[in-house]
Amino acid sequence: MKSTARVVVIGGGIAGCSTLYHLTQEGWSDVVLVERDELTSGTTWHSAAQVTNFGMNQTMIGLKSHSIALYQELAGDPDYPINYHHGDGGIRLANTRAQMDGYAHFTSVAKGMDVNFEVIDAEECARRHPLISTDNLIGGLWDPLDGDIDPAQLCQALARRARKAGAEVYRNTAVTGLSQHKDHSWTVHTEKGDIDCEIVVNACGYRVNEVASMMGVQHPVTSMEHQYFLTEEIPAIKEASHRMPLLRCPISDYYCRQEKNGLLVGFYEQDCKTWGMDGIDPKFVNALCPDDLDRVTDVLEGAFARMPALMETGIHTVVNGPITYTIDGAPLVGRIPGKRNAFCIIGLRAGIGEGGGHGWLLAQQIVHGEACYDTWCIDPRRFTGHANTELTALKAVEDYQNEFRFHFPHEHRPAGRPAKTTPLTPILASEGAEFTVVNGWERMDYVKPTADFNETHGYYFNETFDLVAAEIKAVQTRVGLTEVSGFNRFELSGADLRPFLDRMFCGRITAKAGRVGLGYLLNHQGNVKGEATIANLPDGRVWYGSAAASEYHDMDWLTQNIRQGEDVQIHSLTNAHTILVLAGPLAREVLCEVSRGNWSAQAFPWLSVRNAFIGFAPAVVMSVSFSGELAYEIHVPNAQLYAAYLALRKAGAQHGLTLFGARAVDSMRVEKGYRHWKADLITEFDPIESALDRFVHLAKGDFIGKTALEARLETGPRRTFVTLALDCTHAPAQPGDSVLQNGKVVGTVTSADWGHRTGKNIAMAFVVPNLTGDLEVEVIGQPIRATVADPCLYDPQNHRPKS
C-alpha cells in the first residue's frame, strides 16, 4: 500500500468511485480510494438504481445529465460493458392542478439545460404505461431519458477506469483515524498502515459520521429504512413490445420500474423509520434490515389501486436497507465547513442516478477550487450550527414522507421548526407574523390579517398579494419595522486588516470611520464569490456583513485567504446580534424619538454608521437600505433586542408604524435591482457579466481573481444580467424559468416578483449578450412577452434613501 498520495477518498460506493474516477479525469493520478470492506458493500449494492434527469434546479439537472452521458459511455465500452437500461422513459404522476403547474415550471427549468421534458395528460400517461389506471389522475411529467442501471457493475467500471489512469483502490482497508497537521495536510490511519496526503474526501455513505468524528465534525446526515420488493413475472410485461417506463407516484407514495419480466416496487410510507441513530454494528456489511411489509400496507393499497396488475402477481424478494438523507434532502458535496483540505460527498439518497455528476462536480472543486456550475444547492456549508442529528432526523422523516412532492414557492414544511429564533420570534408571532426560514432562522415573512389565515401554495399570485401590497404601501408612505434574523456579521481586526480587505474585494472599500461600503469578492476564476458590506465604526471596530446563509461559507473563504504571518482576526457576532430595520419617509422621526444625537441627513447621511442607544438598548445603526426607501439598520445585542423593539413600537405608534416582512422586502429589492446572493450572484459569472461594473476597480492593486477577470474581459461576456418586465398579472416567473427568443432559450430567470410600487411584473435574468428584439419568459410553462427594462425601476436616482 502507498504511504503517500495527493488525495485519499474514504468509501467504496458510488460516491467514492465516482470521485476517484473524476479526479483522474481532471488530471490527478496520485489518488487513492480506501474501503473498509468490498466496493459497493454499503447502500450501493441494494440500490433501486434509477437514473432520472429530473431535478429541482439547473445544477441538479446538469449533474444528472452528466451521469446519464457517462453511464451511456460506460455501457458501450466494448472491453467492460455494463447493464444500463437507458431511455425507458419515466412518468411522475399528478392529481392536482398545482402539481401539474410545478411540472410545467420544471420543464422550463430543464429546457435551459438542453433537457426536454413533456407534460402529458392522464390518458397519455396510461398509453405510455399500460399497467396504470387513470382514476384520480390529471396527468404527469414525462422524462424520455429515464432508466436504471446495475449499481455494482457501475462502480466496478468507474474503479477500473480510475485504476487505468493511475489511481489505486485498497479494499478491506478500514480507516481507524485521521490526523491533520499544521500545514493542513492529513495522515489517514488504516488497519494496514498510514497514508500521508494533502486532501481527504469523506464518501462513507451511512457511516459518514463515524469518519466525521475522526475529524472532529458532525454532518447533518442520517439514514432511513427503505423497502422495495421484486414481483414474480407479470404476463402483460412479458408480452409488451417495449420496456415499461419508470413510474413515480406522489399520490400513493410509491415508485416502480421493470425488473426482468416483473416489477421492482418501492415505498415511501408515512410510518417510516430512521436507522442507525444509536450507532451501526461494525459487522453490518452487505446486509439488510428485517422485512416489515406491515409498515407499508397503506402505501401498497394505493399502489394496487393505481396498478391492478400488482394484485395478480406474487412477491419474489423483499429488500429493506438504509439510505441516507440530509437535513433538506439534497446531498452534501464540497468543502467540509471549518476544515482545510477536507471534502465530502455524502447524503446521496439518489446516489446511483446522481453519483456520476456529484463526483464530477466534486473533483472540479478539489482540483480547480470551483466547479463549472454554482454548487451552492449541494454545498455542505449551506447549514450551520443548528444542523444537529436530532433535527436532521426530523427533517429526514418529513422528506421521506414527501419524497415525490416538491416544495411549492414560499412553502416551508413544519418538521424541525423553529430551529433558530430570537427574543422577538414569539412576540412577532403573537402579532400575527407568518414566518419564512433562512438558514434555520425564523424570519417574519408577512403579517396575517387573522389567526386562521392560510396561504394557498402554488405558482400563481395568491391571498398574500394584497397583504404584501399594504405592507409596502405603509413603508413607502409612512414607516415600517421588520426584524432581519441571522444576518451574517463578523468583527474584523488586526494590523494587516486594510491590505487584507483590499486584496479580498475587487473594488475600493472605504476605510473612513463612520462610513459603510458595499463590495464584491471574487474567486480565483474571476467570478463572483460573495457580496458584503464593510462598516467602519467610529470607535475603530470594523464589521463585515453578508447574507444569513453565508455564515460558514464566508468564514471559510476569509480565513483561508489570510496569509501566513498576516495579522488579521475574525470574530463572529452572527448569533449574538439581530437587525431591526426601520424604513419609510418617517423613519427619521421615529429614530429621533428613541435615540439621542443628531440624525439629520446632514449629520447622518446615507451609508453612515454610528454607535447609539435605542431607548436604553445599545445598538449599531447604519443608514443603508435594501428597500429603496429611507431606512436604518439597527444592530442590537439579542439580550436587549426586545427592549429596542418596544421603544421603536411605542415611538412609531403616532407615526402609523406597522410591521412588514421578508416578502415585502423581496418585492422592493427587485424594483431597485438589488441582488440576492446565490440567486442573482453566482460563481458561474464574473462581476461585469453580473452588471456590477461600478464595483470593480482594475486600476487598484492586486486582488483575488484580478488576473482571471482581466483574461475574461479579453474574450467578451458569456452572459449579461438584465431586468425584464413581464406582460402578465396572474403569476410571477420563478427562478430557473427560461427566457426565450423565437422559441429558443436565450437565458434563465434568477429572481422574480411583483413590484407593488411600480405596478410591474419583474424578473431578473442572465441572458446571452447583445439581445435585440422581442423576448418571452415562460411562466408556468406559458411564454409571456417580456421587455428589457431599466436595471432600477424605482427611484433610479436614489433620492429616497438619501432624503
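1. Leaving aside neighbours within four places in sequence, Arg295 is in contact (heavy atoms within 4.5 Å) with Glu225, Gln227, Glu269, Asp271, Cys272, Lys273 and Asn320. Its side chain makes a polar contact with the side chain of Glu269, at 2.9 Å. A polar contact is a pair of N or O atoms within 3.5 Å; within protein, one must be able to donate a hydrogen and the other to accept it, and residues adjacent in sequence count only if both atoms are side-chain atoms.

2. This is a predicted model, in which local features need pLDDT of at least 70 and side-chain atom pairs pLDDT 80 or more, while totals for chains, interfaces and linings use all residues. Residues are numbered from 1 along each chain as its sequence is written, and side-chain values use heavy atoms, without hydrogens or water.

3. Is Arg295 buried or exposed? Arg295 counts as buried because its relative accessibility is 9%, and buried means under 20% relative accessible area (1.4 Å probe, protein chains only).

4. UniProt, in an unreviewed entry, places "domain: FAD dependent oxidoreductase central" at residues 368–421; such annotations may be inferred rather than shown by experiment. Over residues 368–421 the chain is 26% helix and 0% strand, helices being DSSP runs (H or I) of at least four residues and strands (E) of at least two. The end C-alpha atoms of this stretch are 38 Å apart.

How values were computed. Buried means under 20% relative accessible area, exposed over 50%, partly exposed in between (1.4 Å probe, protein chains only).
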